[in-house]
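Here is a short briefing for a first look at this structure. Keep the sequence and the 3D view open while you read.

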Amino acid sequence: MKHNNNNNNNNNNNNNTARPTSSALEPVLEARSIRVLWAAWCDAVIAYSKNKDENGDGGDSGSVEEPWPWVLEYIGTGLTTAQKKCLTADEDLKRAAPLAEAVLFGSAMHDGLKGYVVKSGNGDVDADGGTGAERVEQRIVLFGTDVEMEDGVPEIQTFLASESGFTATITDVKIDTSSCISLYTASPSTTTTTDLILRFENFSHLRRYLSFAPQPISPAPEVTSLPYTSPSPPQHVVNATTTAALDANMHVWTSTSDPRYPKCLGRSYDGGFDMSLLPYLEESCIQKIAAGGYMSAAVSSDGELFVWGQACPGAGKELDVLKVNGGVGVQATGIGVDEEQDEFVKCFDVRIDGQVARVYDVTVGHGHILVAAELCGMGEETRSVLFAAGDDSENQLGLETGADFKESFEEVASLRGKRIVQLEAAGWSTYAVLLEK
């Protein structure tokens, strides 16, 4: 099923129920292009473009080539049959998938996928009756859980943002461990972008707001102005205790819903729950942030990797690079830390074949972390390595050995030299999208 193309990817799901009998990881999906849209402990949504032979055309017809059709595949147990069909048949979502324009949201460690926000054209004509372009607005789809449906909540609910009182664009939706929902919105103007957060106590409150807005409801949602300007698209990540976000200057801000775990905040707890700048990374230009379980990570524009947090409570084991006392020596190909480190944030020393490597991606699951790094030498072929550490009880690290926990980072040997274009981890699963040369 391979289709040779410079944008051809392979997707590898390492969440197996038994130890691998071979050192090689086999791809579970091969397509012209692949994107993991959502991942949680119980489900995932993967978008991929069909190969030409799957479309039945067999080859070039001499006409202008049409865009490759995209398919949405739902994997998991969180959605009902009707919800799954609603998701995978949504043509607006299919069009938005390759452009990363849709917002899928839910709880990575609880209910899984809860809904999505997507741009939709409603086919309205111009005010003068002409046949102008479709008026495009956002559509919000909510999925009810089994427990909610027992209480009378509809299985599927759809709202138009304009009819629900939104004049701004919904850019992200996050759910914290207390089930509080935060809707991030952006209202562009001629000179600036105003970023606001609407916080709802739970999904029942959100549904009432969407159903009755713009009429006031009680209690009204909390409206909070961000203390910074978000980049476009925004980067906001949530784990068991902490929210981390990037501002437009590529600096990291954090807040916590549970100050019992100060290491997860990446800074001293100031007694508040609002977002505050992470001091250690003020001089760094951060390109990506990731979070899961009780850990967070950041990758800088210089390819440096920073991690803060701790092992999951009750795990009994900790990553050696996060331990307070002493540094961790790095092997010729491996990850370590120097002895002199910040109290909260650790800067990792990543090496390939004895040389300092550049980190270009990182992902964090409930108790595991994977790091993609490369070595670019003058006139030499780029060498790429995927490192993994942490919980491996469900083979989520893709390693050959059988230990349930890896305290030290190890190379995923079967993927050496493979160019990883997307890494996603959630719960006890890992998804890696590879570029086939």
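Begin with Arg416, which counts as partly exposed at 35% relative accessibility. Its side chain meets that of Asp353 in a salt bridge, 2.9 Å from N to O. Note that this is a predicted model. The points below go from this pair to the whole chain, and then to further sites.

**The Arg416 and Asp353 pair**

- Arg416 lies in the loop between strand E27 (405-411) and strand E28 (419-426).
- Asp353 sits in the loop between strand E22 (346-352) and strand E23 (355-356).
- Asp353 is partly exposed, with a relative accessible area of 35%.
- The backbone at Asp353 has a positive phi of about 50 degrees, although Asp353 is not a glycine.

**The chain as a whole**

- The chain has 437 residues, and buried residues make up 50% of them.
- Five helices and 29 strands are found in the chain.
- The accessible surface comes to about 20500 Å². Carbon and sulfur atoms account for 48% of that surface.
- Take the contacts between residues at least 6 apart in sequence: 50% of them join residues at least 24 apart.
- The structure holds 19 salt bridges.

**A buried salt bridge and its network**

- Asp90 and Arg139 join their side chains in a salt bridge, at 3.0 Å from N to O.
- Salt bridges with shared partners connect Asp90, Asp92, Arg95 and Arg139 into one network.

**Asp172 and Lys174**

- Asp172 forms a salt bridge with Lys174. The closest N and O atoms of this pair are 3.9 Å apart.
- Asp172 has a relative accessible area of 9%. The cut-off for buried is under 20%, so Asp172 counts as buried.
- Lys174 counts as partly exposed, at 22% relative accessibility.

- Val237 belongs to strand E14 (residues 236-238).
- With a relative accessible area of 16%, Val237 is buried.
- Which residues does Val237 touch, not counting those up to four places away in sequence? They are Lys174, Thr242, Thr243, Ala244, Ile289, Ala290 and Ala291.
- Val237 and Gly292 are 55 residues apart in sequence. Their C-alpha atoms are 8.3 Å apart in space.

- Leu265 is in the loop between strand E16 (252-256) and strand E17 (276-277).
- The relative accessible area of Leu265 is 2%, and Leu265 is buried.
- Leaving aside neighbours within four places in sequence, Leu265 is in contact with Thr242, Thr254, Ser255, Thr256, Leu278 and Trp308.
- Thr242 is also one of the residues that Val237 touches.
- Leu265 and Thr242 are 23 residues apart in sequence. From C-alpha to C-alpha, they are 6.2 Å apart in space.

**Ala100 and its backbone**

- Ala100 is not a glycine, yet its phi is positive, at about 55 degrees.
- Where is Ala100? It lies in the loop between helix H3 (91-96) and strand E6 (103-107).
- Ala100 is partly exposed, with a relative accessible area of 48%.

**A negative patch on the surface**

- Four residues gather in a patch of negative charge on the surface: Asp146, Glu150, Asp151 and Glu155.
- Glu150 is found in helix H4 (residues 146-150).
- Glu150 has a relative accessible area of 69%. Exposed means over 50%, so Glu150 counts as exposed.

Key: Residues numbered from 1 in each chain as written. Predicted model: local features only at pLDDT ≥ 70, side-chain atom pairs only at ≥ 80, totals over all residues. Heavy atoms only, no water. Patch = residues over 30% accessible without salt bridge, like charges linked within 9 Å, V, L, I, M, F, W, Y side chains within 5 Å. Areas by Shrake-Rupley, 256 points an atom, 1.4 Å probe, with all protein chains shown as cover. Lys, Arg positive; Asp, Glu negative; His and termini not counted. Charge placed at Lys NZ, Arg CZ, Asp CG, Glu CD. Helix = DSSP H or I, 4+ residues; strand = E, 2+ residues; numbered from the N terminus. Buried < 20%, exposed > 50% of the residue type's maximum accessible area, 1.4 Å probe, protein only. Contact = heavy atoms within 4.5 Å.
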